[in-house]
Amino acid sequence: MEFTELADYAISPGMLTEWLPEATSGWVDDGRPASYIHEAHLRRTADGTHDDGRESWLGAAFRLPGQLDHDAFRAAIGMWIERHESLRSHAALGHDGRITRRTIDPSGIELDEVRHEYEFDADTVYERVHDLFDELTSPHRWPAYLFVTLEHSDPEPECTVFFAADHSIIDGLSVVLVAHEITSLYTEAMSGPPAFLVPAGSYIDFGAEERAAAAVVDHRHPAVECWRSAFVRSKGRLSDFPLDLGPRPVERVAQGAFSEWVLDAAEAAAFNTVCHRAGQNFFAGVLACLAQASAELTGNTVFRTVTPVHTRNDPHWATSLGWFVGLSPIEFDIAGAADFAESAARAAEAVASTKSAAKVPFARVEEVLATPIRPRFVVSFMDVRFVPMAQQWPEIQARALRSRHYTHDVYIWVNRTPHGVNISARFPGTPTATENVLRFLASTRRALSDIVPVTAAVGA
């Protein structure tokens with residue numbers, strides 16, 4: 001699934017309906033704490049600044065065939081809210097700095113349906129949906145999520161579903177599950193086959209368990225030592241993008257965005273074959289290509305980045321809705337590497353040596369080290385080929401969405417899907433940054449593509 005901004009999604013004219021959860025009764029005090037990353041997010045956004053405030057949502061867009069059955073869609077959303085407790089709970093940061101939680105029973109939630117009984121053109125749809133997502137997904141309000149449906153009649157009846165939620169209650173893997181779960185529940189509500197969704201654990205329970213486990217972490221813990229060493233080696237610049245990004249703009253400038261399919265399914269399989277013959281996995285091969293691009297453009301053979309690692313450490317959390325993400329610093333040197341296989345081996349060794357660091361919330365590491373962890377260059381990899389409905393994503397125009405951002409950082413997402421490999425990026429929206437990030441991505445694409453013919457030759 002491709003990760004882009006809403007502006008890059010193909011929107012058609014149609015009739016909009018906004019689906020807004022509303023609490024009617026049943027809120028109860030809940031003593032379970034927020035997860036470390038949720039608490040850090042609340043504190044970081046407490047001043048309401050634009051950089052890290054209300055525009056911190058992730059979302060999804062996909063299509064449902066035929067004319068939308070509003071009653072069935074209402075029922076599907078209700079079942080989905082019942083399924084995921086994080087959608088029925090709110091952690092609030094008080095004036096005294098304490099975080100308190102309240103949770104509501106599914107019976108205490110109704111969906112407020114706001115229909116616009118006239119057709120919007122594509123530009124108006126975009127503006128309305130984007131404004132709603134920006135305004136109504138703050139981590140400091142409940143609900144921090146909503147749905148919008150867009151019904152089309154030309155050339156045939158169908159409906160586009162838009163969804164967004166604040167990052168505090170959803171992550172990248174959660175996003176790619178939304179289309180499958182809503183479609184399955186909607187089909188069931190239409191008197192179709194039962195959804196048979198895998199039971200999902202509560203992210204609220206995960207946060208409580210995470211807190212208990214992290215309480216014993218101190219300065220001697222291997223994860224803390226891993227981060228301390230990364231800081232020392234990088235001289236405090238944890239993971240700067242290897243090329244010049246230029247000065248931070250004085251005015252608030254929205255970040256630039258890029259997305260490209262760099263390998264089709266056959267080419268991705270060929271690249272994977274090279275990696276496996278070298279004794280490495282796909283991600284190690286991608287990192288080797290990133291390092292090659294960096295060295296080619298800068299002359300520096302040392303490659304540093306930070307990578308997200310999922311913390312769904314038990315099958316119980318596999319389909320849960322939440323922010324199950326830790327961070328791991330990666331550093332390796334490709335100087336003198338004889339070939340791609342050796343570069344990939346060094347990348348794999350770097351990943352293996354620091355992956356355990358992600359098991360401890362980085363906010364807890366910050367506490368122990370008394371040092372803020374603010375990665376400036378992040379590379380994320382997900383293999384989503386086996387996510388339910390992944391084969392149908394192009395057919396239903398499924399897309400993962402992210403909000404605008406205003407930081408001076410670079411994020412790169414590499415996603416392997418049944419249809420190939422997509423690379424998307426977000427970077428400072430300045431001429432220098434745009435030029436250099438696009439140069440880096442072009443060099444990375446060449447490095448990836450250069451590996452593919454090798455496999456064809458070997459397999460011939």
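Me: Where does Met389 lie in this predicted model?
Reply: In this predicted model, Met389 has a positive phi of about 75° although it is not a glycine. Its place in the chain is the loop between strand E13 (377–383) and strand E14 (399–402).

Me: Is Met389 buried or exposed?
Reply: A residue counts as buried when its relative accessible area is under 20%. The relative accessible area of Met389 is 19%, so Met389 is buried.

Me: Which residue does a cis peptide bond join to Trp142?
Reply: The omega of this cis bond is about -5°.

Me: What is the relation between the directions of H8 and H9: parallel or perpendicular?
Reply: The axes of helix H8 (residues 282–298) and helix H9 (residues 340–354) come within 8 Å and cross at roughly 110°. Angles of 65 to 115 degrees count as roughly perpendicular. The two helices, H8 and H9, are therefore roughly perpendicular.

Me: How many nonpolar residues are in the contact of H8 with H9?
Reply: On the side of H8, the residues that meet H9 include Phe283, Leu287 and Cys289. On the side of H9, the residues include Phe340, Ala344 and Val351. By class, the contact has no charged residues and two polar residues, while the number of nonpolar residues is 10.

Me: Is H2 perpendicular or oblique to H4?
Reply: The axes of helix H2 (residues 70–83) and H4 cross at roughly 125° and come within 8 Å. That angle makes the orientation of H2 to H4 oblique.

Me: How many charged residues are in the contact of H2 with H4?
Reply: Among the residues of H2 that meet H4 are Phe73, Trp80 and Arg83. From H4, the contact includes Glu181, Leu185 and Glu188. By class, the contact of H2 with H4 has 12 nonpolar residues and no polar ones, and the number of charged residues is three.

Me: How far apart are the axes of H1 and H10?
Reply: H1 and H10 pack at an angle of about 70°, and they are therefore roughly perpendicular to each other. The contact is made by Tyr36, Ile37 and Ala40 of H1 and Phe362, Ala363, Arg364 and Glu367 of H10. These residues divide into five nonpolar, no polar and two charged. The separation of the two axes is 7 Å.

Me: Which helices do the buried residues of H1 pack against?
Reply: The buried residues of helix H1 (residues 36–44) are Tyr36, Ile37, His38, Glu39, His41 and Leu42. They pack against several strands, namely E5, E6, E9 and E12. The helices they pack against are H5 and H10.

Me: What is the distance from the backbone oxygen of Phe3 to a polar atom of the side chain of Ser424?
Reply: Ser424 lies in strand E16 (residues 420–427) and is buried, with a relative accessible area of 0%. Leaving aside neighbours within four places in sequence, its contacts include Phe3, Phe258, Arg402 and Trp413. From the backbone oxygen of Phe3 to a polar atom of the Ser424 side chain, the distance is 3.3 Å.

Me: What separates the C-alpha atoms of Val175 and Leu401?
Reply: Val175 lies in helix H4 (residues 172–189) and is buried, with a relative accessible area of 1%. Leaving aside its neighbours within four places in sequence, Val175 is in contact with Leu58, Gly59, Ala60, Ile170 and Ala400. Val175 and Leu401 are 226 residues apart along the chain, and their C-alpha atoms are separated by 8.3 Å.

Me: How far apart in space are Arg237 and Arg374, C-alpha to C-alpha?
Reply: Arg237 lies in the loop between helix H6 (222–233) and strand E10 (256–264). At 53% relative accessibility, Arg237 counts as exposed. Arg237 and Arg374 are 137 residues apart in sequence, and their C-alpha to C-alpha distance is 9.3 Å.

How values were computed:
Residues are numbered from 1 along each chain as its sequence is written. This is a predicted model: local features need pLDDT of at least 70, side-chain atom pairs count only at pLDDT 80 or more; totals for chains, interfaces and linings use all residues. Side-chain values use heavy atoms; hydrogens and water are left out. Buried means under 20% relative accessible area, exposed over 50%, partly exposed in between (1.4 Å probe, protein chains only). Helices (H or I, at least four residues) and strands (E, at least two) are DSSP runs, numbered from the N terminus. Contact means heavy atoms within 4.5 Å. A polar contact is a pair of N or O atoms within 3.5 Å; within protein, one must be able to donate a hydrogen and the other to accept it, and residues adjacent in sequence count only if both atoms are side-chain atoms. Axes are lines fitted to C-alpha atoms, for helices over the stretch in contact, and angles run from 0 to 180 degrees between N-to-C directions. Angles under 35 degrees count as roughly parallel, over 145 as roughly antiparallel, 65 to 115 as roughly perpendicular and the rest as oblique. Ala, Val, Leu, Ile, Met, Phe, Trp, Tyr, Cys and Pro count as nonpolar, Asp, Glu, Lys and Arg as charged, and the others, Gly among them, as polar.
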